[in-house]
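Hi there,

Here is the structure I promised to pass on. Please have a look at it first, and then read my notes below.

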Amino acid sequence: MIQSLLPSQVCEIVQGFLLHGSQEQIINQIIVDSRNVVYPETTLFVALKGAKSDGHDFIEELYKKGVRHFLIRKGSGINIAGKEEGTFIACEDPLSGLQLLAAYQRQLYKNPVVGITGSNGKTIVKEWLGQILGQRFAVAKSPKSYNSQVGVPLSIFGIAQYHQVAVMEAGISKPAEMVKLANMIQASLGIFTNIGTAHEEGFSSQDEKLEEKTKLFEKSKFIVYRKDQVKSARYLEANFEAERLVSWSQEPGATYTLSVKKEIDKSKILLLKPDLSLFTFWVPFTDAASLENVRHAIVAALTLGMEAVEIQEGLDHLKAVDMRLTLKTGPNDSLVIDDTYNNDLAGLRLALDFMAAQRSKKRKVLFLSDMLQVGDAKTVYEEVAELINHHQIDYVFGVGKEIPVLKDKLSEGSVFYPDTESLLANLDQNQFDNDLILVTGARNFGFEKIVNSLQQRIHGTVLEINLNALTHNYNFYKTKLLPDTKVMVMVKAFAYGGGATEIANHLQQLKADYLAVAYTDEGVALREQGITLPIMVLNPMQESFVNLQKFDLEPVVYSPLFFLQLGKFCRNNRLSMKIHLDLDTGMHRLGFEENQVEDLLQLIKDYPELTIASLYTHLVGADEGAHQDYSLEQLELFIRMSAQITENLAYQPLRHALNSAGIIRYPEYQMEMVRLGIGLYGVEVNGKFDQALKPISTLKTTISQIKELKKGETVGYSRKGEMHENGKIATIAIGYADGYDRRFSNGKGIVLLNGHPVPVIGNVCMDMCMIDITGVEAKEGDEVTIYGPGISLKELAQRIGTIPYELLTNISSRVKRVYYLD
Ligand SMILES: *Cc1c(COP(=O)(O)O)cnc(C)c1O
């Protein structure tokens with residue numbers, strides 16, 4: 001909610017002019033995404049041009065929804081006819097306009113604003129600092145990683161006058177961007193997280209990066225940074241007055257000396273203040289990155305006047321940021337969205353948007369606690385009611401003393417309880433059936449108990465899929481491509497083991513252009529779950545022709561015989577179909593060979609029922625330098641064969657040849673489309689950009705039992721595992737039937753237990769296996785990571801002489817998949 005504006009003010013702020021309409025109506029919201037309309041009459045829509053879409057194309061639709069204010073690009077040619085009640089303001093560049101509006105709104109806000117920048121950790125520092133400050137203040141926090149040229153303005157519009165402090169992050173990818181962010185954020189306290197050594201696109205040197213990033217602090221009263229990061233510390237100390245600098249370090253000489261003592265699953269942070277007073281904080285992790293992030297948050301909280309006890313209280317409840325908004329399987333095919341630690345309005349809005357992006361189910365159900373907002377409760381709940389009705393929630397379970405004020409505003413069937421216990425006592429699992437259930441509540445309501453009771457128990461082994469990492473990897477490959485190159489994503493084989501439906505749904509939101517599956521049935525399953533993207537089927541069988549047609553799937557045609565069969569099928573049934581032609585340039589698997597092109601052209605002429613949507617070929621060794629000559633020959637042959645075909649067509653099919661490895665190695669051959677596979681799932685097979693990708697899946701299981709064994713005793717079938725010393729072993733709940741390869745037997749496999757790599761001992765059994773945990777502290781029920789962050793899939797594959805593809809796709813369907821997103 002912004003401070004109200006009149007169109008005349010908007011004109012002045014954005015340096016634009018009124019193209020048409022009235023100067024009188026009040027504007028209370030500013031949006032850039034046509035899906036986010038809640039209060040149409042008082043909303044200003046800013047039409048931005050993105051990579052994939054242009055906001056100007058949505059004006060018609062928004063006008064129909066009742067939106068009346070539009071900020072558009074000068075000369076965009078928007079037709080006002082039929083939209084006479086609208087107010088249209090034009091300016092040179094609506095994005096700058098949006099940013100100017102944000103800067104204006106920011107000036108009206110008088111409380112402290114924390115601005116965070118640096119190479120890594122910004123989002124986590126922001127989340128954690130927000131959670132800590134929340135112990136005492138009403139905090140406005142930019143959602144997710146809204147840190148960009150568009151994200152920052154939207155975050156600023158989310159700050160309300162009752163917020164006592166705001167926490168924002170600023171991320172840039174090229175020079176000259178920070179000035180714009182700094183003008184909007186006007187950080188009164190700055191945090192510099194760190195400077196990465198990695199080359200960042202758009203910057204020629206680290207110094208240039210530092211100079212640009214620290215522009216965020218131009219107006220800051222205090223700047224928090226790490227003094228033992230020598231390079232950035234020197235830069236800050238040379239360029240900002242000493243009294244503005246608040247440093248921390250493990251070494252003496254900084255404003256705060258913070259040292260760390262690690263235990264198994266927690267760390268003690270000792271803080272020595274300049275007046276020699278000493279404080280101890282406990283945090284629930286031991287890894288270096290989290291420890292750096294949390295120390296930034298602690299020092300910033302102290303600088304903002306928090307007491308040590310309040311800070312510790314906040315630290316006790318830190319949640320790993322990645323775990324926000326988890327999807328879980330609920331009763332009777334329902335899907336539960338777990339958002340149990342955040343319920344300010346911004347959080348609720350995000351969670352409801354996330355809910356809207358899920359596949360539709362029978363009903364939408366919301367569990368909601370009192371809102372922990374400071375400020376005017378009445379306006380807050382009015383907004384909550386509007387949001388709930390806008391999102392067409394079927395019914396609400398309200399918990400708390402205040403929330404019953406919503407009673408009259410919500411649909412019948414909504415029920416209210418004074419506390420979580422009384423709700424739990426009355427909760428009947430069987431009232432849910434194929435529903436989409438969002439559970440969101442303030443931490444002190446303990447809503448995780450509701451999730452626990454709704455969640456289908458997951459015992460033992462789970463595969464966690466991080467959809468943020470998927471987005472990250474997708475965007476990484478996008479940066480390697482020209483803006484207009486289309487991306488087909490290979491979701492064959494259950495999306496490389498990750499679960500085709502959820503991943504396809506996420507790709508649909510990322511606006512991928514095409515999906516590809518191996519068999520018709522896989523495509524049918526996606527359509528039945530509401531996936532609407534075009535889908536190519538690599539290996540359609542004759543008996544599935546009916547389903548191709550029925551489910552709007554596009555088959556690959558790879559031989560003259562197959563062409564003929566499909567052509568006849570279409571003719572007999574009076575249908576037409578889009579097809580894709582596989583050209584064999586050297587794989588020698590499926591596909592038309594060069595000497596079959598003449599026949600192919602005749603077939604194309606004979607069967608106009610079949611439209612050629614694309615032509616493609618597949619490289620046999622895109623990931624290996626040794627095959628470069630062969631790859632280039634394949635690509636050139638493909639271009640020749642394609643030309644020969646398209647010369648004889650009245651239209652231009654898409655052409656595509658590159659898989660993930662090919663995108664990296666031969667980007668000059670991207671043509672109109674590429675086919676992204678394993679890279680999306682976090683493995684860079686060339687080995688060039690291993691660090692740039694994020695693993696999307698973590699395979700985890702738990703310890704069922706621990707045993708002490710004596711030297712010489714053996715473990716498992718055939719007595720293969722022998723104890724060389726007295727020690728202990730743990731039995732974990734994963735075996736070859738889950739997809740844990742039997743070749744990992746006898747020390748070939750390594751798993752991660754409480755941060756320690758430990759080997760498999762003995763043969764892997766069908767449903768379990770044993771690990772040697774001698775010397776590692778652990779207890780029954782502890783979690784064990786089979787692979788994921790900290791234990792690389794590529795290395796594991798190498799240990800048993802296979803490739804990551806096989807490990808990914810081997811995970812059995814009995815292993816539960818859990819998806820999460822922040
Ligand atoms: C599986 C597949 C891909 C994707 O390959 P990756 O190496 O996983 O990127 C591309 N094209 C075809 C024809 C495929 O079968």
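The centres of domain 1 and domain 2, taken over C-alpha atoms, are 36 Å apart. The domain assignment, automatic or from a database, lists domain 1 (7-93), domain 2 (109-315), domain 3 (326-454), domain 4 (465-681) and domain 5 (697-820).

A word on the basis: this is a predicted model, in which local features need pLDDT of at least 70 and side-chain atom pairs count only at pLDDT 80 or more, while totals for chains, interfaces and linings use all residues. Residues are numbered from 1 along each chain as its sequence is written, and side-chain values use heavy atoms, with hydrogens and water left out.

Now to two helix pairs (helices are DSSP runs of H or I, at least four residues, numbered from the N terminus). Helix H11 (residues 345-356) packs against helix H12 (residues 377-390) at an angle of about 0°, and their axes are 11 Å apart (axes are lines fitted to C-alpha atoms over the stretch in contact, and angles run from 0 to 180 degrees between N-to-C directions). H11 and H12 are therefore roughly parallel (angles under 35 degrees). Leu345, Leu348, Arg349 and Leu352 in H11 meet Val380, Glu383, Val384 and Leu387 in H12, with heavy atoms within 4.5 Å counting as contact.

Helix H15 (residues 467-479) and helix H17 (residues 500-509) pack at about 50°, with axes 11 Å apart. On the H15 side, Leu467, Leu470, Thr471 and Tyr474 meet Ile503, His506 and Leu507 of H17.

Enjoy exploring!

Terms used: Angles under 35 degrees count as roughly parallel, over 145 as roughly antiparallel, 65 to 115 as roughly perpendicular and the rest as oblique.
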